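The sequence and the structure are shown first.

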Amino acid sequence: MSDNFLTRTWNWIDNRIGFSDYIVPLMVHLVPDNARWWYIFGSATLCAFVVQVLTGISLAMSYVPGGENTYESLVYITNTAPLGSLVRGMHYYGASAMVMLAVIHMVQVYMHATYKYPREMNWMSGVVLLFVVLGMAFTGQLLRWDANGVWSVTVAAEMAGRTPIIGPTLAHFILGGETVGGSTITRFFAMHVFIMPALIFAGIGLHMLLIMRHGISEMPDVKEPVDPDTYKEEYEKRIHKTGVPFWPDAIWRDMIFSTIIVAVILGCALFLGPPALDPPPNPSSINANPLPDWYFLWYFAVLSLLPPQLETWVILGVPVLGFLGLFFLPMISNKGHRAPSKRPWAGFTVIFGFVAFLVLTIYGYKKPWSPDFGVKFLPASIVGTDQGPLAEGAKLMHIKGCLYCHDIGGYGGHRGPELTEIGKLLTRDDLIIRINNGGHNMPAFASSISDQELQLIVGFLLTRGVMHEDNSPATATP
(Lines give C-alpha, C1' and ligand atoms only; values in the text may rest on other atoms or scores of the structure.)
Protein backbone atom coordinates (compact mmCIF):
# COMPACT_ATOMS: atom_id res chain seq x y z
CA MET A 1 0.00 0.00 0.00
CA SER A 2 2.89 2.21 0.85
CA ASP A 3 4.48 1.50 -2.55
CA ASN A 4 1.21 2.23 -4.29
CA PHE A 5 0.93 5.52 -2.45
CA LEU A 6 4.46 6.54 -3.41
CA THR A 7 3.86 5.47 -7.02
CA ARG A 8 0.62 7.43 -7.25
CA THR A 9 2.30 10.46 -5.67
CA TRP A 10 5.21 10.35 -8.11
CA ASN A 11 2.87 9.81 -11.08
CA TRP A 12 0.87 12.86 -9.98
CA ILE A 13 4.02 14.99 -9.76
CA ASP A 14 5.46 13.57 -13.01
CA ASN A 15 2.19 14.30 -14.80
CA ARG A 16 2.39 17.93 -13.71
CA ILE A 17 6.11 18.70 -14.22
CA GLY A 18 6.77 16.37 -17.19
CA PHE A 19 9.94 14.78 -15.73
CA SER A 20 9.54 11.64 -17.87
CA ASP A 21 8.84 13.70 -20.97
CA TYR A 22 11.72 16.16 -20.70
CA ILE A 23 14.38 15.08 -18.19
CA VAL A 24 14.54 11.33 -18.85
CA PRO A 25 15.25 11.74 -22.60
CA LEU A 26 18.09 14.08 -21.68
CA MET A 27 19.54 11.57 -19.26
CA VAL A 28 19.44 8.60 -21.63
CA HIS A 29 20.38 10.36 -24.87
CA LEU A 30 22.96 8.50 -26.90
CA VAL A 31 26.59 9.57 -26.82
CA PRO A 32 29.49 8.18 -28.86
CA ASP A 33 31.03 5.17 -27.17
CA ASN A 34 34.50 6.68 -27.67
CA ALA A 35 33.50 9.94 -25.90
CA ARG A 36 35.36 9.05 -22.74
CA TRP A 37 37.72 10.96 -20.42
CA TRP A 38 38.36 13.71 -22.97
CA TYR A 39 34.76 14.88 -22.57
CA ILE A 40 34.58 15.40 -18.82
CA PHE A 41 35.81 19.00 -18.60
CA GLY A 42 32.52 20.63 -19.57
CA SER A 43 30.57 18.92 -16.80
CA ALA A 44 33.40 19.60 -14.34
CA THR A 45 33.21 23.33 -15.20
CA LEU A 46 29.49 23.22 -14.47
CA CYS A 47 30.23 21.49 -11.16
CA ALA A 48 32.72 24.23 -10.22
CA PHE A 49 30.06 26.83 -11.05
CA VAL A 50 27.61 25.08 -8.71
CA VAL A 51 30.27 25.25 -5.97
CA GLN A 52 30.61 28.98 -6.65
CA VAL A 53 26.85 29.51 -6.41
CA LEU A 54 26.51 27.60 -3.13
CA THR A 55 29.55 29.16 -1.44
CA GLY A 56 28.61 32.59 -2.84
CA ILE A 57 25.15 32.38 -1.27
CA SER A 58 26.74 31.40 2.04
CA LEU A 59 29.18 34.33 1.92
CA ALA A 60 26.41 36.77 0.99
CA MET A 61 24.70 35.95 4.30
CA SER A 62 27.42 37.85 6.18
CA TYR A 63 29.02 40.10 3.57
CA VAL A 64 28.19 43.82 3.70
CA PRO A 65 28.35 45.22 0.14
CA GLY A 66 29.06 48.90 0.69
CA GLY A 67 29.92 51.40 3.37
CA GLU A 68 32.60 51.29 6.01
CA ASN A 69 31.64 47.82 7.22
CA THR A 70 32.61 45.98 4.03
CA TYR A 71 36.19 45.25 5.04
CA GLU A 72 35.18 44.43 8.61
CA SER A 73 32.58 41.94 7.32
CA LEU A 74 35.33 40.14 5.39
CA VAL A 75 37.51 40.04 8.49
CA TYR A 76 34.52 38.63 10.40
CA ILE A 77 33.87 35.96 7.74
CA THR A 78 37.54 34.97 7.69
CA ASN A 79 38.30 34.94 11.40
CA THR A 80 35.04 34.59 13.35
CA ALA A 81 32.07 33.23 11.41
CA PRO A 82 31.52 29.45 11.74
CA LEU A 83 33.12 27.77 8.70
CA GLY A 84 33.62 31.26 7.24
CA SER A 85 37.28 30.69 6.45
CA LEU A 86 36.48 27.34 4.79
CA VAL A 87 33.63 28.74 2.68
CA ARG A 88 35.66 31.78 1.61
CA GLY A 89 38.56 29.52 0.69
CA MET A 90 36.28 27.24 -1.36
CA HIS A 91 34.85 30.26 -3.16
CA TYR A 92 38.35 31.49 -4.01
CA TYR A 93 39.75 28.15 -5.20
CA GLY A 94 36.43 27.34 -6.89
CA ALA A 95 36.87 30.46 -9.04
CA SER A 96 40.35 29.32 -10.04
CA ALA A 97 39.04 25.83 -10.82
CA MET A 98 36.18 27.23 -12.90
CA VAL A 99 38.48 29.43 -15.00
CA MET A 100 41.02 26.65 -15.44
CA LEU A 101 38.43 24.01 -16.41
CA ALA A 102 36.64 26.37 -18.80
CA VAL A 103 39.91 27.06 -20.61
CA ILE A 104 40.86 23.36 -20.71
CA HIS A 105 37.40 22.55 -22.09
CA MET A 106 37.83 25.19 -24.80
CA VAL A 107 41.29 23.87 -25.70
CA GLN A 108 39.95 20.29 -25.94
CA VAL A 109 37.11 21.44 -28.21
CA TYR A 110 39.58 23.41 -30.31
CA MET A 111 42.05 20.53 -30.66
CA HIS A 112 39.25 18.13 -31.68
CA ALA A 113 37.73 20.81 -33.96
CA THR A 114 34.33 20.16 -32.44
CA TYR A 115 33.42 23.71 -33.38
CA LYS A 116 32.93 22.64 -37.00
CA TYR A 117 29.55 21.98 -38.65
CA PRO A 118 26.93 21.72 -37.21
CA ARG A 119 28.23 22.84 -33.79
CA GLU A 120 29.36 26.36 -34.64
CA MET A 121 26.96 27.96 -32.16
CA ASN A 122 27.99 25.50 -29.44
CA TRP A 123 31.47 27.03 -29.71
CA MET A 124 30.19 30.61 -29.91
CA SER A 125 28.05 30.22 -26.79
CA GLY A 126 31.06 28.68 -25.06
CA VAL A 127 33.25 31.67 -25.96
CA VAL A 128 30.66 34.05 -24.52
CA LEU A 129 30.47 31.92 -21.37
CA LEU A 130 34.27 31.98 -21.01
CA PHE A 131 34.41 35.78 -21.13
CA VAL A 132 31.50 36.08 -18.68
CA VAL A 133 33.33 33.70 -16.33
CA LEU A 134 36.43 35.92 -16.57
CA GLY A 135 34.25 38.96 -15.89
CA MET A 136 32.80 37.23 -12.85
CA ALA A 137 36.31 36.43 -11.62
CA PHE A 138 37.42 40.05 -12.02
CA THR A 139 34.39 41.55 -10.26
CA GLY A 140 34.98 39.13 -7.40
CA GLN A 141 38.47 40.55 -6.87
CA LEU A 142 37.10 43.97 -5.88
CA LEU A 143 34.66 42.40 -3.42
CA ARG A 144 37.67 41.54 -1.24
CA TRP A 145 37.73 45.34 -0.72
CA ASP A 146 41.32 45.49 0.39
CA ALA A 147 44.11 47.71 -0.96
CA ASN A 148 44.86 45.31 -3.82
CA GLY A 149 41.24 45.05 -4.92
CA VAL A 150 40.61 48.81 -4.82
CA TRP A 151 43.73 49.65 -6.80
CA SER A 152 42.95 46.92 -9.33
CA VAL A 153 39.57 48.50 -10.04
CA THR A 154 41.18 51.93 -10.26
CA VAL A 155 43.57 50.59 -12.89
CA ALA A 156 40.70 48.90 -14.76
CA ALA A 157 38.70 52.15 -14.82
CA GLU A 158 41.75 54.00 -16.11
CA MET A 159 42.12 51.41 -18.88
CA ALA A 160 38.43 51.63 -19.80
CA GLY A 161 38.70 55.42 -19.83
CA ARG A 162 41.02 55.19 -22.85
CA THR A 163 38.19 53.94 -25.06
CA PRO A 164 37.50 56.53 -27.78
CA ILE A 165 34.37 58.65 -27.34
CA ILE A 166 32.72 56.51 -24.60
CA GLY A 167 35.83 56.14 -22.40
CA PRO A 168 34.91 58.66 -19.67
CA THR A 169 31.35 57.35 -19.52
CA LEU A 170 32.60 53.78 -19.30
CA ALA A 171 35.03 54.63 -16.49
CA HIS A 172 32.26 56.49 -14.64
CA PHE A 173 29.99 53.45 -15.02
CA ILE A 174 32.65 51.09 -13.63
CA LEU A 175 33.39 53.26 -10.60
CA GLY A 176 29.82 54.34 -9.97
CA GLY A 177 31.11 57.91 -9.75
CA GLU A 178 34.34 59.83 -10.14
CA THR A 179 36.35 57.76 -7.64
CA VAL A 180 36.30 54.36 -5.97
CA GLY A 181 33.81 54.37 -3.11
CA GLY A 182 30.79 52.71 -1.61
CA SER A 183 28.84 52.95 -4.85
CA THR A 184 31.67 51.12 -6.65
CA ILE A 185 31.46 48.05 -4.48
CA THR A 186 27.66 48.08 -4.58
CA ARG A 187 27.84 48.12 -8.37
CA PHE A 188 30.42 45.32 -8.52
CA PHE A 189 28.42 43.29 -6.00
CA ALA A 190 25.33 43.54 -8.22
CA MET A 191 27.33 42.49 -11.28
CA HIS A 192 29.08 39.63 -9.45
CA VAL A 193 26.03 38.24 -7.65
CA PHE A 194 23.13 38.95 -10.02
CA ILE A 195 24.13 39.90 -13.57
CA MET A 196 27.08 37.58 -14.22
CA PRO A 197 25.47 34.44 -12.71
CA ALA A 198 22.24 35.18 -14.63
CA LEU A 199 24.22 35.39 -17.86
CA ILE A 200 26.04 32.16 -17.03
CA PHE A 201 22.78 30.35 -16.23
CA ALA A 202 21.30 31.55 -19.53
CA GLY A 203 24.48 30.63 -21.41
CA ILE A 204 24.59 27.15 -19.88
CA GLY A 205 20.94 26.64 -20.81
CA LEU A 206 21.61 27.62 -24.43
CA HIS A 207 24.79 25.54 -24.50
CA MET A 208 22.97 22.45 -23.23
CA LEU A 209 20.11 22.98 -25.67
CA LEU A 210 22.57 23.09 -28.56
CA ILE A 211 24.38 20.00 -27.31
CA MET A 212 21.11 18.08 -27.22
CA ARG A 213 20.14 19.33 -30.66
CA HIS A 214 23.37 18.41 -32.41
CA GLY A 215 24.56 15.57 -30.17
CA ILE A 216 27.90 14.91 -28.53
CA SER A 217 30.66 14.98 -31.09
CA GLU A 218 32.54 11.75 -31.64
CA MET A 219 36.32 11.60 -31.42
CA PRO A 220 37.99 12.94 -34.60
CA ASP A 221 38.86 10.38 -37.26
CA VAL A 222 41.27 11.08 -40.13
CA LYS A 223 39.00 9.03 -42.40
CA GLU A 224 35.91 11.08 -41.62
CA PRO A 225 36.39 14.78 -42.44
CA VAL A 226 33.36 16.99 -41.89
CA ASP A 227 31.19 17.49 -44.97
CA PRO A 228 28.18 19.73 -44.17
CA ASP A 229 26.16 18.02 -46.92
CA THR A 230 26.41 14.53 -45.43
CA TYR A 231 27.59 14.93 -41.81
CA LYS A 232 24.23 14.83 -40.03
CA GLU A 233 23.04 11.72 -41.84
CA GLU A 234 26.32 9.90 -41.20
CA TYR A 235 26.38 11.02 -37.55
CA GLU A 236 22.86 9.65 -36.94
CA LYS A 237 23.83 6.30 -38.44
CA ARG A 238 26.98 6.07 -36.32
CA ILE A 239 25.35 7.15 -33.08
CA HIS A 240 22.50 4.66 -33.39
CA LYS A 241 24.94 1.89 -34.29
CA THR A 242 27.68 2.43 -31.71
CA GLY A 243 26.30 5.03 -29.25
CA VAL A 244 25.63 4.32 -25.57
CA PRO A 245 23.10 6.01 -23.24
CA PHE A 246 24.56 8.88 -21.22
CA TRP A 247 22.83 7.38 -18.16
CA PRO A 248 24.17 5.07 -16.84
CA ASP A 249 26.95 4.10 -19.32
CA ALA A 250 28.82 7.43 -19.62
CA ILE A 251 27.85 9.69 -16.72
CA TRP A 252 30.01 7.86 -14.18
CA ARG A 253 33.19 9.41 -15.61
CA ASP A 254 31.75 12.91 -15.23
CA MET A 255 30.67 12.12 -11.67
CA ILE A 256 34.07 10.76 -10.66
CA PHE A 257 36.00 13.70 -12.11
CA SER A 258 33.57 16.28 -10.69
CA THR A 259 33.89 14.64 -7.27
CA ILE A 260 37.69 14.91 -7.53
CA ILE A 261 37.38 18.61 -8.46
CA VAL A 262 35.19 19.31 -5.42
CA ALA A 263 37.60 17.35 -3.22
CA VAL A 264 40.57 19.39 -4.53
CA ILE A 265 38.71 22.68 -3.93
CA LEU A 266 37.81 21.54 -0.41
CA GLY A 267 41.35 20.35 0.24
CA CYS A 268 42.88 23.65 -0.88
CA ALA A 269 40.45 25.57 1.35
CA LEU A 270 41.27 23.33 4.32
CA PHE A 271 45.05 23.19 4.00
CA LEU A 272 45.92 26.46 2.24
CA GLY A 273 43.14 28.65 3.64
CA PRO A 274 41.48 31.65 1.99
CA PRO A 275 43.59 34.36 0.33
CA ALA A 276 45.13 36.75 2.83
CA LEU A 277 43.48 40.14 3.05
CA ASP A 278 45.66 43.14 2.28
CA PRO A 279 45.37 46.21 4.54
CA PRO A 280 42.08 48.16 4.35
CA PRO A 281 41.72 50.33 1.24
CA ASN A 282 43.45 53.69 1.45
CA PRO A 283 43.34 55.58 -1.87
CA SER A 284 45.78 58.18 -0.51
CA SER A 285 48.52 55.57 -0.07
CA ILE A 286 50.73 54.92 -3.09
CA ASN A 287 52.69 52.15 -1.36
CA ALA A 288 50.58 49.45 -2.99
CA ASN A 289 51.23 47.03 -5.80
CA PRO A 290 47.91 46.09 -7.40
CA LEU A 291 48.27 42.52 -8.52
CA PRO A 292 45.46 40.64 -10.31
CA ASP A 293 44.58 37.02 -9.61
CA TRP A 294 46.78 34.46 -11.36
CA TYR A 295 44.62 34.05 -14.47
CA PHE A 296 45.10 37.74 -15.37
CA LEU A 297 48.81 37.95 -14.53
CA TRP A 298 49.85 37.30 -18.17
CA TYR A 299 47.87 40.34 -19.35
CA PHE A 300 49.27 42.37 -16.47
CA ALA A 301 52.80 41.46 -17.65
CA VAL A 302 52.01 42.34 -21.28
CA LEU A 303 50.74 45.80 -20.31
CA SER A 304 53.70 46.43 -18.03
CA LEU A 305 56.26 45.50 -20.68
CA LEU A 306 54.74 47.58 -23.46
CA PRO A 307 56.24 50.89 -24.57
CA PRO A 308 53.90 53.73 -23.52
CA GLN A 309 52.90 54.57 -27.12
CA LEU A 310 51.36 51.09 -27.58
CA GLU A 311 49.51 50.81 -24.26
CA THR A 312 46.15 52.14 -25.43
CA TRP A 313 46.14 49.98 -28.57
CA VAL A 314 46.88 46.80 -26.63
CA ILE A 315 44.62 47.60 -23.67
CA LEU A 316 41.64 48.05 -25.96
CA GLY A 317 42.66 45.80 -28.84
CA VAL A 318 43.66 42.50 -27.18
CA PRO A 319 40.32 41.79 -25.43
CA VAL A 320 38.25 42.85 -28.45
CA LEU A 321 40.34 41.00 -31.03
CA GLY A 322 40.68 37.99 -28.74
CA PHE A 323 36.92 37.73 -28.35
CA LEU A 324 36.17 38.30 -32.04
CA GLY A 325 38.87 35.85 -33.17
CA LEU A 326 37.56 33.08 -30.94
CA PHE A 327 33.88 33.84 -31.54
CA PHE A 328 34.10 33.76 -35.34
CA LEU A 329 36.57 30.86 -35.56
CA PRO A 330 33.86 28.45 -36.87
CA MET A 331 33.02 30.94 -39.60
CA ILE A 332 36.61 30.71 -40.86
CA SER A 333 36.72 26.92 -40.98
CA ASN A 334 33.62 24.79 -40.36
CA LYS A 335 34.41 21.77 -42.50
CA GLY A 336 37.23 19.40 -43.38
CA HIS A 337 39.52 17.40 -41.13
CA ARG A 338 39.07 17.43 -37.36
CA ALA A 339 41.96 15.13 -36.42
CA PRO A 340 44.91 16.98 -34.76
CA SER A 341 47.30 15.02 -36.99
CA LYS A 342 45.76 16.77 -40.01
CA ARG A 343 45.82 20.17 -38.27
CA PRO A 344 49.41 20.55 -36.94
CA TRP A 345 49.05 24.32 -36.77
CA ALA A 346 46.33 23.81 -34.14
CA GLY A 347 48.73 21.97 -31.87
CA PHE A 348 51.42 24.59 -32.46
CA THR A 349 48.95 27.34 -31.55
CA VAL A 350 48.03 25.63 -28.27
CA ILE A 351 51.67 24.95 -27.33
CA PHE A 352 52.74 28.48 -28.19
CA GLY A 353 49.79 29.94 -26.25
CA PHE A 354 50.52 27.78 -23.21
CA VAL A 355 54.25 28.64 -23.15
CA ALA A 356 53.52 32.35 -23.62
CA PHE A 357 50.90 32.24 -20.85
CA LEU A 358 53.31 30.44 -18.50
CA VAL A 359 56.26 32.76 -19.14
CA LEU A 360 54.17 35.94 -18.90
CA THR A 361 52.40 34.69 -15.76
CA ILE A 362 55.74 34.05 -14.03
CA TYR A 363 56.99 37.43 -15.16
CA GLY A 364 53.77 39.09 -13.98
CA TYR A 365 54.11 37.41 -10.59
CA LYS A 366 57.67 38.66 -10.15
CA LYS A 367 56.64 42.12 -11.46
CA PRO A 368 60.23 43.42 -11.76
CA TRP A 369 58.85 46.72 -13.10
CA SER A 370 57.20 47.58 -9.76
CA PRO A 371 59.00 49.06 -6.73
CA ASP A 372 59.49 46.60 -3.87
CA PHE A 373 58.09 48.44 -0.86
CA GLY A 374 58.75 45.46 1.40
CA VAL A 375 62.51 45.41 0.96
CA LYS A 376 64.55 45.17 4.18
CA PHE A 377 67.70 47.02 5.28
CA LEU A 378 70.93 45.82 3.73
CA PRO A 379 72.65 43.32 6.05
CA ALA A 380 76.22 43.83 7.25
CA SER A 381 77.34 40.92 5.07
CA ILE A 382 76.42 42.97 1.99
CA VAL A 383 77.52 46.36 3.32
CA GLY A 384 80.83 45.02 4.61
CA THR A 385 80.45 46.60 8.04
CA ASP A 386 77.76 47.47 10.57
CA GLN A 387 79.12 50.82 11.70
CA GLY A 388 80.71 53.97 10.40
CA PRO A 389 79.90 56.11 7.31
CA LEU A 390 79.57 53.05 5.09
CA ALA A 391 76.81 51.55 7.27
CA GLU A 392 75.09 54.95 7.53
CA GLY A 393 75.11 55.31 3.74
CA ALA A 394 73.61 51.83 3.35
CA LYS A 395 70.92 52.67 5.89
CA LEU A 396 70.05 55.87 3.99
CA MET A 397 69.66 53.82 0.80
CA HIS A 398 66.67 52.18 2.50
CA ILE A 399 65.32 55.27 4.28
CA LYS A 400 65.29 57.35 1.09
CA GLY A 401 63.60 54.55 -0.86
CA CYS A 402 66.53 53.85 -3.21
CA LEU A 403 66.28 50.11 -2.50
CA TYR A 404 62.61 50.05 -3.57
CA CYS A 405 63.83 50.17 -7.17
CA HIS A 406 67.53 49.20 -7.08
CA ASP A 407 68.98 45.82 -6.20
CA ILE A 408 72.27 45.56 -4.32
CA GLY A 409 73.62 42.07 -3.74
CA GLY A 410 70.16 40.47 -4.02
CA TYR A 411 68.39 43.02 -1.80
CA GLY A 412 66.01 45.54 -3.41
CA GLY A 413 63.60 46.02 -6.28
CA HIS A 414 64.27 45.64 -9.99
CA ARG A 415 62.48 48.65 -11.47
CA GLY A 416 65.79 50.50 -11.79
CA PRO A 417 69.31 49.35 -12.71
CA GLU A 418 71.14 47.02 -10.34
CA LEU A 419 73.76 48.84 -8.24
CA THR A 420 75.76 45.87 -6.99
CA GLU A 421 78.83 46.99 -8.95
CA ILE A 422 77.96 50.63 -9.59
CA GLY A 423 81.31 51.71 -8.05
CA LYS A 424 83.07 50.33 -11.14
CA LEU A 425 80.83 52.16 -13.57
CA LEU A 426 80.22 55.71 -12.30
CA THR A 427 82.36 58.37 -10.69
CA ARG A 428 81.48 60.43 -7.66
CA ASP A 429 80.36 63.34 -9.82
CA ASP A 430 78.25 61.03 -12.01
CA LEU A 431 76.42 59.69 -8.96
CA ILE A 432 75.81 63.14 -7.47
CA ILE A 433 74.36 64.43 -10.75
CA ARG A 434 72.14 61.33 -11.17
CA ILE A 435 70.79 61.45 -7.60
CA ASN A 436 70.16 65.21 -7.61
CA ASN A 437 68.59 65.42 -11.07
CA GLY A 438 66.98 61.99 -11.42
CA GLY A 439 66.60 60.20 -14.74
CA HIS A 440 64.32 57.85 -16.66
CA ASN A 441 61.64 56.64 -14.20
CA MET A 442 63.72 58.07 -11.34
CA PRO A 443 62.65 61.18 -9.39
CA ALA A 444 65.08 64.01 -8.58
CA PHE A 445 66.24 63.95 -4.96
CA ALA A 446 67.91 67.37 -4.82
CA SER A 447 65.08 68.89 -2.78
CA SER A 448 64.65 65.95 -0.39
CA ILE A 449 68.20 65.05 0.57
CA SER A 450 70.82 66.99 2.54
CA ASP A 451 74.41 67.36 1.41
CA GLN A 452 75.60 65.14 4.24
CA GLU A 453 73.10 62.39 3.34
CA LEU A 454 74.10 62.67 -0.32
CA GLN A 455 77.79 62.27 0.52
CA LEU A 456 77.08 59.21 2.70
CA ILE A 457 75.02 57.52 -0.03
CA VAL A 458 77.53 58.31 -2.76
CA GLY A 459 80.36 57.13 -0.52
CA PHE A 460 78.56 53.83 0.00
CA LEU A 461 77.77 53.38 -3.70
CA LEU A 462 81.38 54.00 -4.73
CA THR A 463 82.39 50.91 -2.72
CA ARG A 464 80.00 48.61 -4.61
CA GLY A 465 82.01 46.25 -6.76
CA VAL A 466 85.33 47.79 -5.62
CA MET A 467 87.15 45.49 -3.23
CA HIS A 468 90.44 45.60 -1.37
CA GLU A 469 92.91 42.78 -1.68
CA ASP A 470 91.53 41.27 1.57
CA ASN A 471 88.06 41.13 -0.14
CA SER A 472 86.56 43.84 2.13
CA PRO A 473 84.66 46.72 0.47
CA ALA A 474 86.71 49.77 -0.27
CA THR A 475 86.18 52.82 1.94
CA ALA A 476 85.31 55.85 -0.10
CA THR A 477 86.13 59.29 1.19
CA PRO A 478 84.45 62.52 0.04
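The model is a predicted one.

**Annotated domain**

An unreviewed UniProt entry places the feature "domain: Cytochrome c" at residues 388-465. In the model, the chain over residues 388-465 is 53% helix and 0% strand.

**Cavity and pocket**

Rolling a probe the size of a water molecule over the atoms shows where empty space is left. The count of cavities of 30 Å³ or more comes to 1. The largest cavity has a volume of about 60 Å³. Its lining consists of E218, M219, P220, D221, E224, P225, V226, Y231, E234, R238 and R338. Sorted by class, the lining of the largest cavity has 5 nonpolar, no polar and 6 charged residues.

The second largest pocket has a volume of about 1,300 Å³. It is lined by 46 residues, and those closest to its centre are G42, S43, H207, M208 and I211. The lining of the second largest pocket has 29 nonpolar, 13 polar and 4 charged residues.

**Aromatic rings**

A search of the whole structure finds 20 aromatic pairs. A pair of aromatic rings is described by the distance of the centres and the angle of the planes. Two of the pairs are set out below.

| Pair | Geometry | Centre to centre | Angle between planes |
|---|---|---|---|
| Y63 and F189 | stacked | 5.8 Å | 20° |
| W294 and F357 | edge-to-face | 6.4 Å | 75° |

What does the pair of Y63 and F189 tie together? Y63 lies in the loop between helix 3 and helix 4 (69-79) and F189 lies in helix 9, so the pair ties together parts that are 126 residues apart in sequence. Both Y63 and F189 are buried.

The pair of W294 and F357 also links distant parts of the chain. W294 is in the loop between helix 11 and helix 12 (297-305), F357 is in helix 15 (residues 344-366), and the two are 63 residues apart.

R119 lies over the face of Y235, at 5.1 Å from the ring centre. The charged end of R343 sits over the ring of W345, 5.3 Å from the centre of that ring.

**A further contact**

V150 is found in helix 7 (residues 147-160). The relative accessibility of V150 is 4%, so this residue counts as buried. V150 and T184 are 34 residues apart in sequence, and their C-alpha atoms are 9.4 Å apart in space.

Conventions. Residues are numbered from 1 along each chain as its sequence is written. This is a predicted model: local features need pLDDT of at least 70, side-chain atom pairs count only at pLDDT 80 or more; totals for chains, interfaces and linings use all residues. Side-chain values use heavy atoms; hydrogens and water are left out. UniProt positions are given in the numbering used here, feature names are shortened, and annotations may be inferred rather than shown by experiment. Helices (H or I, at least four residues) and strands (E, at least two) are DSSP runs, numbered from the N terminus. On a 1 Å grid over the protein atoms alone, a cavity is a set of points where a 1.4 Å probe fits but cannot get out, and a pocket is an open set with protein on both sides within 12 Å along at least five of seven lines; lining residues have an atom within 4 Å of a point. Grid points are joined across faces, edges and corners, and a volume is the space filled by probe spheres set on the points. Ala, Val, Leu, Ile, Met, Phe, Trp, Tyr, Cys and Pro count as nonpolar, Asp, Glu, Lys and Arg as charged, and the others, Gly among them, as polar. Rings of Phe, Tyr and Trp (its six-membered ring) pair if their centres lie within 6.5 Å; planes under 30 degrees apart count as stacked, over 60 as edge-to-face and the rest as tilted. Buried means under 20% relative accessible area, exposed over 50%, partly exposed in between (1.4 Å probe, protein chains only). A charge sits over a ring if NZ of Lys or CZ of Arg is within 6 Å of the ring centre and within 35 degrees of the ring normal.
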